[in-house]
Amino acid sequence: MEDVIKVEHLSKSYGNLKAVDDFSFSVKRGKVFGLLGANGAGKSTTIECVLGTQKADSGVVSILGMNPTIHRRELFEQVGVQFQETNYQENIKVGELCEVTASLYRNPEDCNKLLKRFGISDKANVLVKELSGGEKQRLFIVLALIPSPKVVFLDELTTGLDARARRDVWQILAKLKADGITILLTSHFMEEVETLCDEICILKKGKPVFYGTVSEAVNQSPHNKFEDAYLWFTDEEVVNNEIL
Amino acid sequence: MRSYKKILKTELKLSLRGMDMLIFAVIMPIVVLVVLGIIYGNRPAFEGAGYTFIQRSFGGLASIAICAGGVMGLPLVVSDYRSKRILKRFKVTPISPVTILLVEVTIYFLYALTSLVTLFAVARIFFGFKMQGSILQFILGWLLVMVSMFSIGMMVGGIAKNSKDAGIIASILYFPMVIFSGATLPYEVMPTTMQSVVDILPLTQGIKILKSATLNLPMERVLLPIIVMTAIAVICSLVAIKFFKWE
């Protein structure tokens, strides 16, 4: 199966701090890839370097066979992105934000259909800032899906949501996966990662300390639960290095 | 082009929803015009002057909207959209974030144009205003003042660290200029010493060009202001382009 996202030897420093250090990974078509790690481990920097919003110091990135900096226009017709803190004008309404987003693409999806599909079509005339947390996240998924993307990047999509809303988002993501969309996500919820991700990578101080499936992570650790395994990987640096 | 139109339509709605530019750029100049008109009526600007007080004030009044949009509206919206990461979001779409900056420039241009048209209409209908000089010269001067003020705004918005800094710098630029450059308070009523102080404000120079065009005074006399405004436009644009922070 072809690699939809392919990253080789990515490095990025801010001054003396190595935010991402020689990181390579790839995601195959239709798979969900989870990027894990504590805050500051380099997840967002990785996503930004992959998308080209940050310039990597070194490394090669390709998405759908294209370089995100050189083929920006062409590539982002087919890529949906949701950044960690999403970004909308103070007094903009749901419908307006969707329409403006749709106008950026050559063949956008029908916004109303998407809003309907995600159960927020009655909110089109509501200000985005007045939506509840769960409604907002669903809107951000809608925005990421407007280009009818082949790949979506979701940075901490469910942070700040209550358990119910989080489950709803999982269902949505599972459906996207079933539709054949490739997903790269970051998350702090291990249950979410277990449910959704085909492959994961755990980052620590910009370096991958584990790369594989959830069950492999559990097997490589002395624990039975994934959450414990995750904590073990992120805490025990010395032991990890021996394993890798 | 389709994206530009759609974004323009939405941003215009958002701007009007905010009301502040409507007040500062369109309503305020009219209020000042009416107040000056009520106080000075159609009287000559001074004894023996070949033009009325209102004619002399028109250029200044027409620059209020340019000043409000250029050094208040633009820096605030640019820094706000950067700190909200709206500019960054555009970077992961097929459309360049420059598009939304062009949209904002268009919006403030439209405010300035609306203000110019309404000022002209009110001055003409209620105070018998007539443009003595060439309308073409006036429009060219008006555009030069706009490019110059907008480039200041784009520079401030583009390089200010955050919205708070942009707001402070915008206030430092806007309030002295709107009060002391002759846009509202007539330049000619100021004592000579004060005039030479306020001459350092870019808008004071810009208004001299507009005044000269309105009153059909010899344009050679405003050669220096024209050079100053052009230089400001060039320098600030270059600084804005070179040092613009997208996030």
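Residues 139-160 of chain B are 95% helix and 0% strand, with end C-alpha atoms 31 Å apart. Helices here are DSSP runs of H or I of at least four residues, strands are E runs of at least two, and both are numbered from the N terminus. The model is predicted: local features need pLDDT of at least 70, side-chain atom pairs count only at pLDDT 80 or more, and totals for chains, interfaces and linings use all residues. Residues are numbered from 1 along each chain as its sequence is written, while chains are lettered from A and ligands numbered from 1 in the order in which they are written.

**Chain B**

In the UniProt record, an unreviewed entry, the feature "transmembrane region" is placed at residues 21-40, 60-78, 99-127, 139-160, 167-187 and 222-244 of chain B. UniProt positions are given in the numbering used here, feature names are shortened, and annotations may be inferred rather than shown by experiment. Another of these spans, residues 167-187 of chain B, is 67% helix and 0% strand, and its end C-alpha atoms lie 27 Å apart.

Chain B as a whole has 10 helices and 0 strands, in the sequence pattern α-α-α-α-α-α-α-α-α-α. The radius of gyration of chain B is 18 Å, close to the 18 Å that the globule rule gives for 247 residues, so chain B is as compact as a globular protein of that length. That radius is taken over C-alpha atoms, and the rule is 2.2 Å times the number of residues to the power 0.38. The C-alpha trace of chain B spans about 65 × 35 × 30 Å along its principal axes.

Of the 247 residues in chain B, 48% are buried. A residue is buried if 20 or more other C-beta atoms lie within 10 Å of its own, exposed if 12 or fewer, and partly exposed in between, with C-beta atoms placed from the backbone. Two residues are in contact if their C-beta atoms, placed from the backbone, lie within 7 Å. Among the contacts in chain B with a separation of 6 or more, 78% are between residues 24 or more positions apart.

B:Ala240 belongs to helix 10 (residues 223-243) of chain B. B:Ala240 is buried, with 21 other C-beta atoms within 10 Å. Apart from neighbours within four places in sequence, B:Ala240 is in contact with B:Ser151, B:Met154, B:Met155 and B:Gly158. B:Val228 is 12 residues from B:Ala240 along the chain, and their C-alpha atoms are separated by 18 Å.

**Contact between the chains**

Chain B and chain A each give 18 residues to the contact. On the side of chain B that touches chain A, helix 1 (2-18) and helix 4 (86-91) of chain B are the elements that give two or more residues. Helix 1 of chain B gives the most, with 8 residues. By class, this side of chain B has 6 nonpolar, 4 polar and 8 charged residues.

In helix 3 (residues 94-103) of chain A, A:Val94, A:Glu96, A:Leu97, A:Cys98, A:Val100 and A:Thr101 are buried. The buried residues of this helix pack against helix 4 (111-117) and helix 5 (133-145) of chain A, together with helix 1 of chain B.

**The sheet of chain A**

In chain A, 6 strands form an open sheet in the order 5-6-7-3-8-9, with mixed pairing. Two strands pair if DSSP finds at least two bridges between them. Strand 5 and strand 9 (207-212) of chain A stand at the edges with a single partner strand each, so one side of each is left without a neighbour in the sheet. Neighbouring strands are turned by 15 degrees against each other on average, direction ignored.

| Strand pair in chain A | Bridges | Direction |
|---|---|---|
| strand 5 (residues 79-82) and strand 6 (residues 151-155) | 4 bridges | parallel |
| strand 6 and strand 7 (residues 182-186) | 5 bridges | parallel |

A:Val79 has A:Val151 in strand 6 of chain A as its bridge partner, and A:Leu154 stands opposite A:Leu185 in strand 7 of chain A. Both faces of strand 5 of chain A are covered: A:Val79 and A:Val81 on one side and A:Gly80 and A:Gln82 on the other are all buried.

**Positive phi in chain A**

Most residues other than glycine have a negative phi. A:Leu64, not a glycine, has a positive phi of about 50 degrees. A:Leu64 is in the loop between strand 4 (58-63) and helix 2 (72-75) of chain A, and is buried, with 20 other C-beta atoms within 10 Å. A:Glu156 also has a positive phi of about 50 degrees without being a glycine. A:Glu156 is in the loop between strand 6 and helix 6 (163-178) of chain A, and is partly exposed, with 19 other C-beta atoms within 10 Å.

Key
Ala, Val, Leu, Ile, Met, Phe, Trp, Tyr, Cys and Pro count as nonpolar, Asp, Glu, Lys and Arg as charged, and the others, Gly among them, as polar. Axes are lines fitted to C-alpha atoms, for helices over the stretch in contact, and angles run from 0 to 180 degrees between N-to-C directions.
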